[in-house]
Amino acid sequence: MFTSQLTPVRFLAVLLLSTVLLAGCSRSTPETKPPEAPQLGIISVDKAVQSHPKYQEWQNNKQQAATIKEQLAATAGKGIAQSQAAINLPGNMAASIQSAVEQEFKVKIAAKQQELQARLLEQAGKKRQELSAQLEAYAGELNQQYQPQLFNLQLKLQTVRMDEQQATALKQEIDAVKAEQAAKLSAKEQEMAQQMEAALAPEKAAMEQELAAYAAQLNRELDNKLSAQTAELSAKLTQPAAAPSAADSSLQQQLGMKQQEIKVLEEFILNDIRDKTAKIAVERGLEAVLTGQQVNVRAVDLTDVVIDAIKK
């Protein structure tokens with residue numbers, strides 16, 4: 001008998017939240033940048049499905065199911081008898097069911113990671129704005145401190161007659177003053193980057209704990225789901241009927257298994273596409289992925305990238 005010993009592979013997804021770069025604090029000349037537009041992706045689901053390695057197998061199963069239905073229709077009115085071969089679930093069906101459950105786990109974990117990362121990025125954006133304002137103010141103070149000195153040195157270089165050695169020494173003094181100003185600004189940027197990291201550290205730790213708890217709960221839910229599906233299919237395949245012919249009984253069993261295989265394959269294909277799309281979207285920093293809709297915004301077409309990913 002196929003029992004509830006089939007459980008989804010347990011693995012704890014680790015939150016991969018990249019260190020937030022202090023983009024606003026890495027310039028040599030302070031300036032205010034406009035907010036970036038939301039980054040969107042788009043994918044043709046139909047094209048991705050038709051390019052999936054399992055697509056042809058799915059189509060073949062659908063054709064086989066249609067043929068079985070035609071054979072059953074030709075012998076309509078006959079009952080479905082119990083068959084000893086249907087008591088145990090076939091191994092390939094059991095593997096397909098477990099694979100679908102594992103894919104569901106991956107997709108839901110990826111969605112949770114996106115949710116947590118979006119929350120962290122929102123907090124990082126607020127902190128970055130605060131630190132950027134501080135850096136700009138500090139850069140202004142440095143300019144007020146060093147500009148008069150640089151102005152006097154450059155004016156002297158341009159107006160005072162001097163030999164080549166004196167001019168070279170004056171240029172070196174100007175360069176040294178500029179380097180001192182740049183060094184102070186760079187040190188301030190590093191200090192603020194450390195402040196950013198320290199400010200986000202507690203939130204990162206809390207999100208990792210939240211993801212761990214979610215993964216444990218999801219594992220329990222999927223264990224129960226797998227057990228329920230197994231029991232339901234076993235009950236259906238072993239349910240006694242009103243003594244139909246052996247041929248009809250065999251066809252009904254084949255049709256039931258074939259329909260289940262079709263469903264499992266369909267869920268596997270769609271979940272695989274969703275999983276790869278979610279992963280690529282996170283890697284590219286996209287906020288959302290649309291499914292072939294026409295919108296008046298710029299969007300990155302991920303279809304071919306996703307197809308390459310599912311073929312690997």
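**Exercise 1. Determine the handedness with which α5 passes α6, and describe the packing of the two helices.**

Step 1. In this predicted model, α5 passes α6 in a right-handed crossing; a crossing is right-handed if the near helix is turned clockwise from the far one by less than a right angle, and left-handed if anticlockwise. Helices are DSSP runs of H or I with at least four residues, numbered from the N terminus.

Step 2. Two packed helices are described by the angle between their axes and the distance between the axes. Helix α5 (residues 246-283) and helix α6 (residues 303-311) pack at about 120 degrees, and their axes are 9 Å apart. The axes are lines fitted to C-alpha atoms over the stretch in contact, with angles from 0 to 180 degrees between N-to-C directions.

Step 3. α5 and α6 are therefore oblique to each other, given that angles under 35 degrees count as roughly parallel, over 145 as roughly antiparallel, 65 to 115 as roughly perpendicular and the rest as oblique.

Step 4. On α5, the contact (heavy atoms within 4.5 Å) is made by Asp272, Ile273, Lys276, Thr277 and Ile280, and on α6 by Val305, Val306, Ala309 and Ile310. These residues divide into six nonpolar, one polar and two charged. Ala, Val, Leu, Ile, Met, Phe, Trp, Tyr, Cys and Pro count as nonpolar, Asp, Glu, Lys and Arg as charged, and the others, Gly among them, as polar.

The model is predicted: local features need pLDDT of at least 70, side-chain atom pairs count only at pLDDT 80 or more, and totals for chains, interfaces and linings use all residues. Residues are numbered from 1 along each chain as its sequence is written, and side-chain values use heavy atoms, with hydrogens and water left out.

**Exercise 2. Characterise the aromatic pair formed by tyrosine 55 and tryptophan 58.**

Step 1. The structure holds one aromatic pair, that is, rings of Phe, Tyr or Trp (its six-membered ring) with centres within 6.5 Å; planes under 30 degrees apart count as stacked, over 60 as edge-to-face and the rest as tilted.

Step 2. The pair of tyrosine 55 and tryptophan 58 is tilted, at 5.9 Å centre to centre and 55 degrees between the planes.

Step 3. Both residues belong to helix α2 (residues 55-74); because they are three residues apart there, about one helical turn separates them.

Step 4. Tryptophan 58 has 13% relative accessibility and counts as buried (under 20% relative accessible area; exposed is over 50%, partly exposed in between, with a 1.4 Å probe and protein chains only).

**Exercise 3. State how far apart tyrosine 146 and glutamine 181 are in sequence and in space.**

Step 1. Tyrosine 146 is found in helix α3 (residues 91-159), and glutamine 181 lies in helix α4 (residues 164-238).

Step 2. The two are 35 residues apart in sequence and 7.1 Å apart in space, C-alpha to C-alpha.
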